[in-house]
Every structure is written in C-alpha cells, then in structure tokens.
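Please view the sequence and the model alongside the text.

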Amino acid sequence: MSDDKQINQQNWSNIHKQDISWRKKLIGDINDVFVVPRYVRLFYDTFGKTVNKSFFEIGSGNGDLSIAILADKEGQIGRYVTSERFPEGVTWLKEQGLESILADATQLSVSDQEYDAVVEFDVMHHVDNPRDMAREMMRVARGQCLLVESNGLSIVRKLKELTPGHRAAGERSYTPWKYRSFFKGHPGYKLTKFEIFPFLFPFKCPKWFLPLLVAFNHAIEKIPLARWQCSSVAIIIEYQRGSK
C-alpha cells in the first residue's frame with residue numbers, strides 16, 4: 001500500500017485527541033493565546049451581523065474552536081452543529097455539551113439547505129476530493145460558507161508538509177485559484193463572492209518568545225507580498241442556486 005493510501009485509511013482517533021487539538025500539537029501554546037481567538041474573531045467578522053442563524057461545522061476535532069465560538073455569541077447563533085468523521089470524535093464533542101453528528105466531509109449526512117451557513121477550519125486540505133467537499137458545503141448551506149485552509153503560496157507551509165507530523169495527517173495546501181476552482185462550475189450553483197486573504201503565521205516556540213510571535217502575526221497579515229507567506233488563508237464564499 002502506498003504512503004498516501006495509508007494516510008487516507010488511517011484511524012483519525014490516532015491524530016486527534018480529546019484533550020488536545022491537532023492544531024495545538026503542531027503549533028504549541030500560541031494556539032490558545034492567539035490562534036483560537038483569531039479564528040473566533042474571523043467567525044464574528046463574517047457572521048457578526050446575523051441573528052439566530054444555524055451553522056454546521058465540518059470536522060470539529062475536539063471542539064476547542066466550536067466552544068470558543070459559542071462562548072462569544074450575542075444572538076448571532078440559533079443552532080450550531082459540529083461533526084466528525086470518526087465515532088470517537090462525535091463522542092468527544094457530545095461530552096463537551098456540543099450537538100454533533102457523524103459525517104464525511106465529501107458526503108455529508110445532512111439535508112439540502114439545512115443550515116444558513118457551513119464553516120470548516122483546516123479540514124479541506126486533508127480530504128482526497130476537495131471539489132466534492134466544496135459541493136457538499138454549498139448543498140447543505142443556504143448561500144454562505146466560511147473556510148480556513150492551508151496556503152499553497154507559502155514556502156514555509158509547503159516545507160512543513162514534508163515533515164512527519166504533517167505527512168501523518170495527510171496535509172496538503174492549494175493556491176487561491178485552486179481553491180476557487182473547487183467551488184466553481186457545479187451544476188445548480190453560481191458563485192457570487194469568492195474572497196480569500198492570508199491568515200496567520202504561527203509555529204511552535206518557547207513561551208518566552210510568544211509575545212514576539214503574536215506581534216509578528218499581527219503585523220505580517222498587513223504587509224504587502226509578505227502576507228502571502230502566511231501559513232493559512234481565510235475564504236468567504238457566497239453563491240446562488242439555480243444556475244452555473
């Protein structure tokens with residue numbers, strides 16, 4: 001069996017842990033002091049003006065982001081459903097008090113237009129068929145999706161994908177135009193907005209270095225050209241139904 005097939009067929013409970021997210025295992029303490037709050041801010045920058053909307057999150061891991069998002073809600077969220085593709089993950093999420101279902105990102109066990117919006121944080125770059133996942137996100141949502149994904153333009157990110165930890169999780173990254181292609185051209189859907197921008201440049205470091213790394217992250221997202229070396233991108237999708 002090839003390395004890729006071994007990765008694809010792995011038991012995801014060996015990657016995710018109930019007490020620590022895969023993200024934190026990779027980047028350490030900056031996850032808690034900066035990265036999770038930054039994801040929460042992105043969510044409310046995107047959906048902050050909504051009222052009592054329903055959200056479906058694909059690949060919620062151990063629920064650290066879901067809990068942080070729900071802790072800051074002020075009427076925007078009426079229902080927030082999490083999901084994982086392995087049964088242990090669903091159990092972990094429910095034990096955190098979260099509503100959760102078992103779901104494969106490329107074949108969601110969810111009805112058409114069941115939620116106002118679908119979100120995913122660092123999931124698409126793990127799946128074998130990102131275009132199938134993009135179609136499912138649009139099918140399940142009512143016109144809006146939010147993603148955070150790996151930046152294929154980042155040299156550092158591409159080098160990280162060669163390391164054992166990233167390879168163990170089957171991590172990949174794509175260019176902005178490739179991400180757009182995943183959502184474009186599906187029969188019955190027409191993209192009306194595709195916004196993508198650089199997002200975060202975290203890495204594991206000693207605690208004494210954290211303030212400098214946080215300051216660096218604040219700065220690099222605003223620096224022309226250099227910002228595209230951020231390890232991730234945020235993507236906001238809006239679309240209409242009924243035409244290509």
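## Terms and basis

Axes are lines fitted to C-alpha atoms, for helices over the stretch in contact, and angles run from 0 to 180 degrees between N-to-C directions. Helices (H or I, at least four residues) and strands (E, at least two) are DSSP runs, numbered from the N terminus.

This is a predicted model, in which local features need pLDDT of at least 70, side-chain atom pairs count only at pLDDT 80 or more, and totals for chains, interfaces and linings use all residues. Residues are numbered from 1 along each chain as its sequence is written, and side-chain values use heavy atoms, with hydrogens and water left out.

## Helices α6 and α9

Helix α6 (residues 130–140) and helix α9 (residues 176–183) have axes that come within 7 Å and cross at roughly 55°. The pair is therefore oblique; angles under 35 degrees count as roughly parallel, over 145 as roughly antiparallel, 65 to 115 as roughly perpendicular and the rest as oblique.

On α6 the contact (heavy atoms within 4.5 Å) uses P130, R131, A134, M137 and M138, and on α9 it uses S181, F182 and F183. By class there are 6 nonpolar, 1 polar and 1 charged residues; Ala, Val, Leu, Ile, Met, Phe, Trp, Tyr, Cys and Pro count as nonpolar, Asp, Glu, Lys and Arg as charged, and the others, Gly among them, as polar.

## Helices α3 and α4

Helix α3 (residues 30–47) packs against helix α4 (residues 64–71) at an angle of about 60°, with the axes 9 Å apart. These two helices are therefore oblique to each other, and α3 passes α4 in a right-handed crossing. From α3 the contact takes in N31, V36, Y39, V40, F43 and Y44; from α4, D64, L65, A68, I69 and L70. It has 9 nonpolar, 1 polar and 1 charged residues.

## Residue N151

N151 sits in the loop between β5 (144–150) and α7 (155–160). Its relative accessible area is 0%, so N151 is buried (under 20%; exposed is over 50%, partly exposed in between, with a 1.4 Å probe and protein chains only). The N151 side chain reaches the backbone oxygen of W228 at 2.8 Å, and one of its polar atoms lies 2.8 Å from the backbone oxygen of C230.

## Residue S100

S100 belongs to strand β3 (residues 99–102) and is buried, at 6% relative accessibility. Beyond four places in sequence, S100 touches T82, S83, V90, L93 and K94.

Technical notes. Left-handed = near helix turned anticlockwise from the far one by under 90°. Polar contact = N/O pair within 3.5 Å; in protein donor to acceptor, adjacent residues only side chain to side chain.
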